[in-house]
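Trainee: I have a protein model open beside me. Could you help me read it?
Mentor: Gladly; let us look together.

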Amino acid sequence: MLDVGKAKKFIDLCWADEIVPTLVEYIKIPNKSPAFDPDWATHGYMDDAVALFERWARAKLPTLLGSSLEVVRLPGRTPVILIEIPGEGQDTVLLYGHLDKQPEMVGWTQGYGPWIPRLEGDKLYGRGGADDGYAMFGALSALMALKEQGVAHARCIILIEACEESGSYDLPHYVDHLASRIGSLSLVVCLDSGCGNYDQLWMTTSLRGMASGTLTVEVLDEGVHSGDGSGVVPSSFRILRRLLSRLEDEETGAMRPAELYVQVPSERVAQARRASAALGKAVYTKFPLKTGMSPMSDDPTELVLNRTWRPQLAVTGIDGLPAPTDAGNVLLPSTVAKLSLRLPPGLDAAKAADIVRTLLEKDPPYGARVVFDPESNAVGWHAPSLSPWLEQSLTRASETVFGSPPAPSRLWLCSGKNSRKRSSSSPACSAPTPTRMAPTNSCTFPPASVFRSSSRRSSPTITLSRARISHCRPHRKDSGHERAEAHYLDRRDRTAKDVSAETARRRRNRREQSPASGGDSLHFDRNRYLTVASIIFVWNLGHL
Ligand SMILES: [Zn+2]
């Protein structure tokens, strides 16, 4: 039996003394995913990150008897870290994560930046800490906590890839290459998603797909004076508006083509209700809405369904229009808009792009030249139903870690502190899709099918919550990224020294703090870490 109090203590120490300082060093490394750094191999940042992870993990292997680690490198591909930890029974659990990062992006507050780690309160700012640097540390330290107490667990494989933010195109090659070593999987845990709060265990049960493209409307060979031409020449912008109205109801924001919808499974509707009951207004207050703004619906359940199971349009770029300060009285020759559509899980994204193109291009108003050029698309994902043992395990895990359930509810993931305060008829929660400040094609964690290829029987895949940590603090544009990268280059050889210095500093700090103060309460990490521990723990009890 796992002593949760003891595990928490172990976890606190491990994160404060070792993992957070290592993540601090990791954030400094600009190891952008290959899509954002085509010269990643020459730059060597990915190797630096892998070496940092490897160094930390290797030092822990002696505590996990019989375990082994290998950095596997297929020619021309980003590396993967493979850690094998023997266990009891016939089953194998795969714990997945990635260490490549999103690019810098803009919007960082002065003094913050992607490669500038900053600990502030219980948050660690910087690129990659939460997405998804923590995963290997969470998985390994979970197993260490079990080992410390002599709690048995199944055989575990930790697989950390370095291509996820580019669409994981290298991963299937590794899964094939390592199939015999990975073995037959009984459960895949993807530690790479978002969560709604810290009051219960969250899982991602679906992700929307997407289709994007560029819509061009041309009306003139060259611009003409608006005093001369308006009223004679139709405005390209107005035609664009009319075309967009074919796609979207501008009053409600609902997409018009019925073919872009799917029947939402009843269990997902029920989960959306539970998620919205757990989150309440937080479904929309988490967004930096301007004062006076209201969300697209008053009903949080509708909002959850909108963002998980319904198609939505975002116009993410526009061209052909001068900046307001440069705008004269000219009727413009063309308007170009970048359209990004989110699609319900399971909907054929390529087909959806075709539907959109036909809809936009047919019968162009006034005979304007209208072209919709589809660019990228991705099919959404919908988790299979949970088998009863897994559902029970998750319920037990959430209860064990987050508190006792308030009522004899059969609902899983509903045992948090908040749900105890709520009426038993509206317990929390399965997860909505994760949010992330990232390009539209980013961070699609690997579908179960990737791992099924190496599995004799179908493996349930669960995707657990990552912290609600901010990727960036939106405000002013910061120009310090390159400085930080140069600084990193100066320091890259001193990483190991820095880690131990940081460790010593944090250890000193903790001693100086009263335990009642909560110490370095990085609860987002602790939470996730316990999640993994409890999953493996309950997995073990329920299944071995
Ligand atoms: Zn990720």
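**Reading the fold, step by step**

Mentor: Contact here means heavy atoms within 4.5 Å. Among the protein's contacts between residues at least 6 apart in sequence, 80% join residues at least 24 apart. This is a predicted model: local features need pLDDT of at least 70, side-chain atom pairs count only at pLDDT 80 or more, and totals for chains, interfaces and linings use all residues. Residues are numbered from 1 along each chain as its sequence is written, and side-chain values use heavy atoms, with hydrogens and water left out.

Trainee: How many helices and strands does the protein have?
Mentor: Helices (H or I, at least four residues) and strands (E, at least two) are DSSP runs, numbered from the N terminus. The protein has 18 helices and 17 strands.

Trainee: What share of the residues is buried?
Mentor: Buried means under 20% relative accessible area, exposed over 50%, and partly exposed in between (1.4 Å probe, protein chains only). Of the 544 residues in the protein, 54% are buried.

Trainee: Which residues of helix 3 are buried?
Mentor: First, the general idea: an α-helix has 3.6 residues a turn, so residues three or four places apart point the same way. In helix 3, the buried ones are Tyr-45, Met-46, Ala-49, Val-50, Leu-52, Phe-53, Trp-56, Ala-57 and Lys-60. They lie on the same side of helix 3 because they cover an arc of only 155° around the axis, taken from the directions from the helix axis to the C-beta atoms.

Trainee: How many disulfides does the structure hold?
Mentor: A disulfide is a pair of cysteine sulfur atoms within 2.5 Å, and the structure holds zero. As for individual cysteines, Cys-163 is buried at a relative accessible area of 0%, and Cys-190 is buried at 0% too.

Trainee: Is Arg-268 buried or exposed?
Mentor: Arg-268, found in helix 9 (residues 266-279), counts as buried at 4% relative accessibility. A polar contact is a pair of N or O atoms within 3.5 Å; within protein, one must be able to donate a hydrogen and the other to accept it, and residues adjacent in sequence count only if both atoms are side-chain atoms. The side chain of Arg-268 makes one with the side chain of His-382, at 2.9 Å. Leaving out residues up to four places away in sequence, Arg-268 touches Thr-205, Trp-309, His-382 and Ala-383.

Trainee: And where is Gly-89?
Mentor: Gly-89 sits in the loop between strand 2 (80-85) and strand 3 (92-98), and is exposed, with a relative accessible area of 51%.
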